[in-house]
Amino acid sequence: MASIPRKTVHISGYSSCGFYTRILNILKSLTVLFPTRIEIVDHEFVDRSSYRKWLLESGFKEKFSDPRVKDHSTSPFCWLEKPRAEPAQRTNGDQVPDIKAEDIEAFIGGHDDTLAWCRSFMAPCEEKATNGVEMVDDGHNPGHGYDYDLVVIGGGSGGMAASKEAADLGAKVACLDFVKPSPKGTTWGLGGTCVNVGCIPKKLFHAGSLLNEAFKKDAAFYGVKVGSKDGSREDGLLAETSTNVHWSVLRENIQNYIRGLNFKYRVRLREKEVDYHNKLATFVDDHTIEIVDKKGRVDTLTSSRFLIATGGRPAPLECEGGELAISSDDIFSLESSPGKTLCVGASYISLECAGFLAGIGLDVTVAVRSILLRGFDRQCADKIGEYMIDHGVKFRREVTPKKLEKLESGEIKVTFSDGSDDTYDTVLTAIGRHADTEKLGLDKIGVEVNPKNKRILGKYEQTQCPNVYAIGDVLDGTPELTPVAIQSGILLARRLFGGSKEPMDYRNVCTTVFTPVEYSCVGYSEDEAIEKFGEAAVEVYHREFQPLEWSLSLGRGHNFAYTKVIVDKTPQENVLGIHYVGPNAGEVMQGYGVAMKQGLTFKNLIETVGIHPTSSEEIVTLSVTKSSGEDAAAGGC
Amino acid sequence: MAVAKTGGKVLESVEEFKKTVLDSNGPVLVFFTAPWCGPCRLSVPVVKDVMKEFSSRLRVVEVCTDDLPEVAADANVVSIPTIQIYSRGEVMDTIVGCVAKSVLFSSVEKVLEDIALRVGDVGSEKS
């Protein structure tokens, strides 16, 4: 935080003037209360005539540029001196102040003006300045005459939330959504990435794979007999459950559910009186867009304000034959099972897809260029990798695909950078996502993007073109998560049309990775905490444990869950980050996110009585630190 | 000319809806549905039975909300399946959700009764 320079206030007046003495006393009190923020220089004259002689005849007033000085002939007369590097030399009892014009920062005024200045000095504005929002005035006024108050480009998580909130606040809103087909030709309805090709289908496929896994790994041990091959075994245990996952049924049911959501969102927008258009928008100028429907028919719309919420798309595989690969845009709606699959990339998208594909019984390999889950906690990322290997996923480390070729059989032969090769039925590329902003016409309105990922640069969600805003995955520097887009969209709508000043708080956002063993976290990773605060300033409490529900299943005997809490080494041990690798990770972490927003200490955590028997209670009963070197494996009850 | 699983005609454009439903003198039952909707599939045999039972007195058509979203929106359809019975351009009854055959039958009968009474008031007019 920048240090606030000390204010130097000069006050001049004569001793018998009541106004002068009153202001002098107030200023003196301020210097007692805030000695580092204000100092005063007092010029007290013995009587009215000597004061007036100096003020009106010495030429002193000419040093000021403020026009109000000309008419000021009363006592007191106050002004601000410019801040200096070293404390100024003060001659006490100086009756003829030797003030240079260049030292004067501003004329404050007489009694009333100086009182007002003191009030503003006392107002707690410093803290507010970091929390309140100063967006640039975009010139919006209700009688603008454009077609709309707000046009939202993109009908995904952020776009729809902002549209509905703005409409609720009385704005006339249009929401434009248009899906450019993936290279493979896949397209989808209203709702954006999350609903159609992201969170929703991902979680449903993941749930399906966990269900399949539960049957295979746990059912028999719980005495649940599900179509096993040959009744009971001789030793009294049930035979291993065999399963067969029908891709077509799983895919069909998930897609039908998504269509239902597409329908529901259309109805919702209509109920909220948001005009929805299935059209592609391009900027013509800062108040006009050109819109095109899927038949190529062109139209124009004008609006006072625009909100860009166009999200992101998968980055393509750039090697030779890369066009043979599909992406997350395609996997969830594939007509037939992907079969033997290669997932390229170590992002959470790649690992989550590899995880559920393997979980439903497919042969899956992941090609990793360097490390797993870049940006996430290293130790937890590695635990996810270990679990996935145990789960049957194959990893090819430190390779990238160099060439993809379609064979006669229809399979794809992949040659890797280390010279090895293999054939697959499907290659899924998940090497990153970038924003689809190239054809938006941003150059016409002076909106800049980050050249690395094409995401829009903005402050408080406002771009360089003041009446054009951006939220969600398209906005650079924010977590690419649906709830973040939704909340920032709602808060922006309130600032634009509801007179609010509240900014979006991007800190301490919980996230969860839905790999075969799930992982959730909030706050700093251990690596980030050490980098930012230094290893000596950070402590880690941790525990490795087995969730009770896994205890009966022999096959899970060596599978463990893990949790750690990172704290600083202040006396109150503020919690910097919480990490959990284990089942139901998303459900476990949500409540801790609320605590983190309030400012959580380690004491708060361990004073909370755990719920037993759960995995979450491990977090509130931590005791072993990494630095102690003690074994982190949990004991019994 | 698409024929739906119910046996009724699938309307394919906004104009067709206007002509067949809104501008029709006789009563028309419109079944709003979509291929991905589970309860809609369950309603198909029910609507089919209505068609058979009331074939001389009631016309049955189908609208797919994916293909004709504007028609559905203008008809205030907010969930599917929704069945609306029109007479002279007005909605006489709306049944939302998958309902039992007996429920739909009695709704249809009541509407046809109301129409007959109304015609009786105004004067002779062929249904």
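Which element gives the largest share of the lining of the second largest pocket? That share, 7 residues, comes from α8(A).

## Basis of the model

The model is predicted: local features need pLDDT of at least 70 and side-chain atom pairs count only at pLDDT 80 or more, while totals for chains, interfaces and linings use all residues. Residues are numbered from 1 along each chain as its sequence is written, chains are lettered from A and ligands numbered from 1 in the order in which they are written, and side-chain values use heavy atoms, with hydrogens and water left out.

## The second largest pocket

The volume of the second largest pocket is about 1,300 Å³. A pocket is an open set of points, on a 1 Å grid over the protein atoms alone, where a 1.4 Å probe fits, with protein on both sides within 12 Å along at least five of seven lines; lining residues have an atom within 4 Å of a point. Grid points are joined across faces, edges and corners, and the volume is the space filled by probe spheres set on the points.

The lining comprises 37 residues, and A:Arg266, A:Tyr276, A:Asn278, B:Asp66 and B:Pro69 lie nearest the centre of this pocket. Two or more lining residues come from each of α8 (247-271) and β7 (275-277) of chain A and α3 (69-74) of chain B. Helices (H or I, at least four residues) and strands (E, at least two) are DSSP runs, numbered from the N terminus.

## The interface between chains A and B

In chain B, 11 residues are in contact with 8 residues of chain A, contact meaning heavy atoms within 4.5 Å. About 770 Å² is buried between the two chains, with carbon and sulfur atoms giving 64%; buried area is the accessible area (1.4 Å probe) that two parts lose on being put together, summed over both. Of the area that chain B buries against chain A, 62% is supplied by B:Trp36, B:Ala73 and B:Val78, more than any other three residues. On the side of chain B that touches chain A, α3(B) gives the largest share, 3 residues.

## Salt bridges and backbone features

A:Glu544 and A:Lys383 form one, with the closest N and O atoms 3.7 Å apart. Because A:Glu544 lies in strand β23 (residues 538-545) and A:Lys383 in helix α11 (residues 378-390) of chain A, the pair ties together parts that are 161 residues apart in sequence.

A:Ser75 and A:Pro76 are joined by a cis peptide bond, with omega about -5°. A:Pro76 lies in the loop between α2 (48-57) and β3 (77-81) of chain A.

Methods:
A salt bridge is a side-chain nitrogen of Lys or Arg within 4 Å of a carboxyl oxygen of Asp or Glu.
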